[in-house]
Amino acid sequence: MTVHIPPDRHLPSQEAVDLVVALQRCLCNFHARKEEPAILDGEGSDHLPVLARYLDARRMRSMLFGHDLFSDPAWDILLHLYQAELEGRALTLEQLSETLRLSLNTVVGQAGVLERRGLVMEHRSSPNSRRRCALRLAPLAVDAMASWFSLAFSGEE
């Protein structure tokens, strides 16, 4: 997770940054050990129509300006996994690759980064193939995405 710092504020010290990173790791570990569900406070399904419009807008932007101009594969993966989470399903790496029009290597690499940060969990349907692996957001990531959604789209629903 990254924190937005308004321009009128000073950058936090390295100690503060280290503390935030340590806290994030503790929360990831807590969720991983407890296997507690994410806190969506019952409003997750309300997010689906606005999230679908947002994803459509990103697709249209890509069509109009080209896919490479605004490439942010990790964010797109998180968005699609959040949508899948709200719909109660998981997505395979192949499905993400097809939906996002990214190479499978790019999706696998980004999924690895997201997994190391504790944002996604793997559920492999075939132990021999990473391609058949289904991904879901970790509970901490669901909470973070729900918080982002509320902040970004408050008053728009």
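Visitor: Is S97 buried or exposed in this structure?

Guide: This is a predicted model, and in it S97 is buried, because its relative accessible area is 12%, where buried means under 20%. The residue is found in helix α4.

Visitor: Which residues does S97 touch, once residues up to four places away in sequence are not counted?

Guide: S97 touches L102, S103, L104 and V107, and the side chain of S97 reaches the backbone oxygen of L102 at 2.6 Å.

Visitor: How are two packed helices described?

Guide: In general, one gives the angle between their axes and the distance between the axes. Here, helix α3 (residues 73–86) and helix α5 (residues 104–116) pack at an angle of about 75°, with axes 10 Å apart, and α3 and α5 are therefore roughly perpendicular to each other. On the α3 side the contact is made by P73, A74, I77 and L78, while α5 contributes T106, V107, Q110 and L114. Sorted by class, this contact has 6 nonpolar residues, 2 polar ones and no charged ones.

Visitor: Where do nonpolar side chains tend to be in soluble globular proteins?

Guide: They tend to be buried together. In this model, the largest nonpolar core has 31 residues, of which L81, Y82, L96, L135 and L137 touch the most other members. Several elements give two or more residues to this core, among them α2, α4 and β3, but the largest share, 8 residues, comes from α3.

Visitor: What is L135 in contact with, leaving aside its neighbours within four places in sequence?

Guide: The contacts of L135 include L81, L96, A111 and V120, as well as E122.

Definitions and conventions:
Residues numbered from 1 in each chain as written. Predicted model: local features only at pLDDT ≥ 70, side-chain atom pairs only at ≥ 80, totals over all residues. Heavy atoms only, no water. Axes fitted to C-alpha atoms, helices over the stretch in contact; angles between N-to-C directions. Helix = DSSP H or I, 4+ residues; strand = E, 2+ residues; numbered from the N terminus. Parallel < 35°, antiparallel > 145°, perpendicular 65-115°, else oblique. Contact = heavy atoms within 4.5 Å. Nonpolar A, V, L, I, M, F, W, Y, C, P; charged D, E, K, R; others polar. Core = buried A, V, L, I, M, F, W, Y, C linked by side-chain atoms within 4.5 Å. Buried < 20%, exposed > 50% of the residue type's maximum accessible area, 1.4 Å probe, protein only. Polar contact = N/O pair within 3.5 Å; in protein donor to acceptor, adjacent residues only side chain to side chain.
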